[in-house]
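Student: I would like to go through the terms used for this structure and check each value against its cut-off. Where do we start?

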Amino acid sequence: MNTKELKTLLQETIESSIVVKLVNLGFKWKKGALKFQRKKDDFEQSILFYFTPSKYQDDKSIGHLNIMIRFDSNEINSVTTKLKGSNNKFDNVDTVVNVDAGLIVGSNAISWRPFSIEEMNKIIETEIKPLIIEKIIPFLDKRGKIQEVLKDY
């Protein structure tokens, strides 16, 4: 199954299972980006879904399903832009390893590897939807201001 087919199936499952609940909580569904997004105080908060096909012969799943949470703010983006434009020593680095663990709950990175479309649908309904409603939304509700996010560090 290719990436486009997986994305379409994931969109359909999310729309039938999660969209109404998150729209009622102030999120907008950005179907093409597989993203829920809302403005909360200092931030735009996003919940993004990624579903990539299996890449290894010994991986019998139809793909890897991950979630990421993002906080975007004009203030942070302004500082980031200044830092990117400043003189730095990054040009001297030969190798950069970018590790995207996606969603971390407790000390574990959460990733799903369904073996079928039916299993993917079940995972979304029985694992992902409760995780979003019971853990992620309360987490985001408490972190609308930059100072609240900084307390986590």
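Student: Why is K31 called partly exposed?

Tutor: K31 has a relative accessible area of 41%. Buried means under 20% relative accessible area, exposed over 50%, and partly exposed in between, with a 1.4 Å probe and protein chains only. K31 at 41% therefore counts as partly exposed. This is a predicted model, in which local features need pLDDT of at least 70, side-chain atom pairs count only at pLDDT 80 or more, and totals for chains, interfaces and linings use all residues. Residues are numbered from 1 along each chain as its sequence is written, and side-chain values use heavy atoms, with hydrogens and water left out.

Student: What makes K31 and E15 a salt bridge?

Tutor: The closest N and O atoms of K31 and E15 are 3.8 Å apart. A salt bridge is a side-chain nitrogen of Lys or Arg within 4 Å of a carboxyl oxygen of Asp or Glu, so the pair qualifies. K31 is in the loop between β1 (28-30) and β2 (35-40), and E15 is in helix α1 (residues 3-17), 16 residues apart. Helices (H or I, at least four residues) and strands (E, at least two) are DSSP runs, numbered from the N terminus. E15, at 31% relative accessibility, is partly exposed.

Student: How many salt bridges does the structure hold?

Tutor: The structure holds five. One of them joins R113 to D59, with the closest N and O atoms 3.9 Å apart. R113 lies in the loop between β6 (108-110) and α4 (117-141) and D59 in the loop between β3 (43-52) and β4, so the pair ties together parts that are 54 residues apart in sequence. In D72 and R70, another such pair, the closest N and O atoms are 2.7 Å apart.

Student: Is D59 buried or exposed?

Tutor: D59 has 13% relative accessibility and counts as buried, whereas R113 at 46% is partly exposed. Likewise D72, at 18%, is buried, and R70, at 37%, is partly exposed.

Student: What lines the largest pocket?

Tutor: The lining has 14 residues, of which I69, F71, V149, D152 and Y153 lie nearest the centre of the pocket. The elements that give two or more residues to this lining are β4 (64-72) and α5 (146-150), and β4 gives the most, with four residues. The pocket holds about 380 Å³ of space. A pocket is an open set of points on a 1 Å grid over the protein atoms alone, where a 1.4 Å probe fits, with protein on both sides within 12 Å along at least five of seven lines; lining residues have an atom within 4 Å of a point.

Student: Which residues is R143 in contact with, leaving aside its neighbours within four places in sequence?

Tutor: R143 is in contact with F43, Q45, F71, E148, V149 and D152, contact meaning heavy atoms within 4.5 Å. R143 lies in the loop between α4 and α5 and is buried, with a relative accessible area of 15%.

Student: How many helices and strands does the protein chain have?

Tutor: The protein chain has five helices and six strands. From the N terminus on, the elements run α-α-β-β-β-β-α-β-β-α-α. Of the 153 residues of the chain, 34% count as buried.

Key: Grid points are joined across faces, edges and corners, and a volume is the space filled by probe spheres set on the points.
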